[in-house]
Amino acid sequence: MNLQTKQSFKILFVEDVAEDAEIAVRKLRRDGLDCTYQRVDTETEFRKALATQKPDIVIADYSMPIFDGLTAFKICHEHDPYIPFIILTGSINEDTAVACMKAGANDYVLKDNINRLSLAVQEAIERKKLEKKARLQELQLRQSEERYRSIFTNSTAIMMIIDPNQDGQIVDANKAAEDFYGWGKEELLRKKIIEINCLSPEEVKTRMEEAKQKQVNYFNFRHKTASGLEKDVEVHSGPVQFSGKIYLFSVIHDISRRKKAEQERDILFKELHHRVKNNMQIISSLLNLSIYEINDEKIAKKLKDISRRIESMAIVHEQFYESPHLSVIQFNMYLQNLYQYILSETELEVQPELVFDFTPITVDLDFAIPAGLLISELFSELLDTITTENTTKVTIHLTLKKNLCDNNNQECIIVEFMPSWYVHSLPCLTNSQDINAVLFYNLLEQVHGHVAQNRESGERIILQFESPPKESRRLESLLNNQ
C-alpha cells in the first residue's frame with residue numbers, strides 16, 4: 001500500500017535503540033510519507049525537544065532502561081493534548097495495550113508489524129486534527145448558535161448529537177450524516193442510535209454512559225444504513241451541555257475500506273500459514289518414505305527425529321491458520337496436538353495414557369516454534385524410556401501453567417512432565433556434545449528457558465520459560481519489509 005501525504009511533518013522518537021527509529025523512518029518514507037525526525041531517550045531530552053522542535057507526532061517505545069512510553073505520553077499530553085502519540089514497541093500484552101489506549105495513546109504498533117506504522121501515523125495525525133476540530137466546535141456551540149449551525153451543518157465530517165438518556169435519540173445531524181446513512185434529516189431525527197448501532201441495546205447504552213462519563217471517547221462500531229448495508233465506523237464521542245442537559249456530540253468516520261484491507265491481509269496470511277504447513281508435511285512424508293529404504297537403525301532414527309521436528313513446526317502453522325487472531329495461538333491447544341501426534345508416531349510396546357492439566361495461554365510464532373521443538377525433544381525422549389518392565393498402568397501427567405519466576409518475580413510459562421515410572425536420565429538433559437543435546441540447549445537459550453528434573457514429589461521434569469523475547473521477527477514482518 002502506497003500512502004501519500006500532502007505536507008511534510010516532524011516526528012519525535014522516544015527510543016533508546018537508534019536503529020529501530022531509523023527502520024521506522026525508512027518504512028514511512030518508503031510508503032510515501034515526507035517526514036523528518038529527532039530521537040531522544042531521556043525525560044530531559046524529551047521535554048526540551050517538545051518545547052523547541054514542536055513535533056507533529058510522537059512515537060515512543062513502551063519500555064526503555066531509564067524512561068518509558070506511558071510517562072512520555074503523560075508529559076506530552078500535559079505539554080499539548082493534541083500532539084498525536086503512538087506506542088511502537090517490540091512486544092505488548094493485552095493488559096498493557098488496554099492501559100496505553102485508556103491513558104489516551106492514539107495507537108500502538110508492534111515493531112515486528114512495522115508495515116502498519118504508516119497507516120497508524122496518518123490516522124493518528126488525522127484523528128488528533130479531528131479531535132481538535134471537535135473540541136473547537138464544542139466551544140463554538142456554547143458561544144454562538146449561529147456559528148455552531150454553520151460549522152455543524154456544512155462540515156464534511158459526519159456529525160450527530162444524541163441524547164444518552166433517551167436510548168440515544170438523535171437530536172441533530174449534519175448533511176454529511178444524511179449522505180452517509182441514506183436517510184433524510186427528518187427521518188434521521190426520528191431514529192435512535194440503538195436502531196443504527198449493530199450492538200445490542202444494552203451494550204449501546206453502556207457505551208453511551210462511558211462516553212457521557214468521559215471514561216471512553218473512542219469506539220469502533222458497525223452501523224446500519226438505509227440501504228440495509230452495515231458499515232464499520234470509528235466514533236469519537238463526548239459530552240456537551242445545552243440548556244442544562246447533557247448530550248453526546250459524536251464525530252463518525254467510515255473505516256469500511258480499512259477493515260476490508262485488514263480482512264484481505266488476514267486471508268493472505270492464513271493462506272501463507274496453510275501453504276507452509278502443507279510444504280512441511282510433504283517434506284516430512286518424503287522423509288518417512290525414505291526411512292523404509294534404510295537398513296541402518298541409527299540413520300533411520302536420525303531421519304525420524306528430523307521428520308518429527310518438521311511436523312512439530314507444521315502443527316504450529318496449522319494452529320496459526322486456524323486461529324482467529326493471526327498474531328497469536330492458543331499454546332495449550334498446540335501442545336495437546338503435538339503430544340498426541342508424537343505419541344501416535346512413536347512405536348511403543350506399552351501405550352501410556354496422557355493426562356492434561358492445561359491453563360489457556362496465548363503465544364506468538366517466534367515463541368511457539370522453538371518452545372514446541374524443545375517440548376517435542378523432551379517428550380520424545382521421555383517416551384523412549386518406557387519399557388515392557390513397566391507392567392503397571394503407565395501414565396504421563398502433562399501440565400501447562402503460568403507462574404512467577406523464582407529469580408525476578410516476572411510472569412513465566414511452566415511446562416511439566418510427570419511420568420508414572422522412574423526416569424534415570426534423558427539424553428537431551430546431559431548437556432553433552434551430542435547433536436540432540438546441542439540443539440536442545442541452543443533452543444533453550446533462544447527462548448530464555450530453564451530445565452530441571454525434580455524427584456522430591458515423584459518423577460517430574462520441568463521446563464520454565466521467561467516472558468517471550470521482546471525482539472520478535474515473525475513472518476508478517478519479513479514480508480512487510482520486502
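1. In this predicted model, lysine 185 forms a salt bridge with aspartate 172, with the closest N and O atoms 3.3 Å apart. Lysine 185 belongs to helix 8 (residues 185-188) and aspartate 172 to strand 7 (residues 169-173), so the pair ties together parts that are 13 residues apart in sequence. Aspartate 172 is buried, at a relative accessible area of 7%, whereas lysine 185 is partly exposed, at 28%.

2. Among the 21 salt bridges in the structure is that of lysine 111 with aspartate 20, whose closest N and O atoms are 2.7 Å apart. This pair links distant parts of the chain, 91 residues apart: lysine 111 sits in the loop between strand 5 (107-110) and helix 5 (117-143), and aspartate 20 in helix 1 (residues 18-30). Lysine 111 counts as buried because its relative accessibility, 13%, is under 20%. Aspartate 20, at 12%, also counts as buried. Salt bridges with shared partners join Glu15, Asp20, Asp61 and Lys111 into one network.

3. Arginine 127 forms a salt bridge with glutamate 234, the closest N and O atoms lying 3.3 Å apart. The partners, in helix 5 and strand 9 (residues 230-242) respectively, are 107 residues apart. Arginine 127 is buried at 7% relative accessibility, as is glutamate 234 at 6%.

4. A nonpolar surface patch comprises Ile282, Leu286, Leu289 and Tyr292, with about 490 Å² of accessible area together. Leucine 286 lies in helix 11 (residues 256-291).

5. The mean pLDDT of the protein chain is 82, and 88% of its residues reach 70 or more. The pLDDT is below 50 over residues 469-482, and it stays under 50 over residues 1-5.

Conventions:
Residues numbered from 1 in each chain as written. Predicted model: local features only at pLDDT ≥ 70, side-chain atom pairs only at ≥ 80, totals over all residues. Heavy atoms only, no water. pLDDT = per-residue confidence, 0-100. Contact = heavy atoms within 4.5 Å. Patch = residues over 30% accessible without salt bridge, like charges linked within 9 Å, V, L, I, M, F, W, Y side chains within 5 Å. Areas by Shrake-Rupley, 256 points an atom, 1.4 Å probe, with all protein chains shown as cover. Salt bridge = Lys/Arg side-chain N within 4 Å of Asp/Glu carboxyl O. Helix = DSSP H or I, 4+ residues; strand = E, 2+ residues; numbered from the N terminus. Buried < 20%, exposed > 50% of the residue type's maximum accessible area, 1.4 Å probe, protein only.
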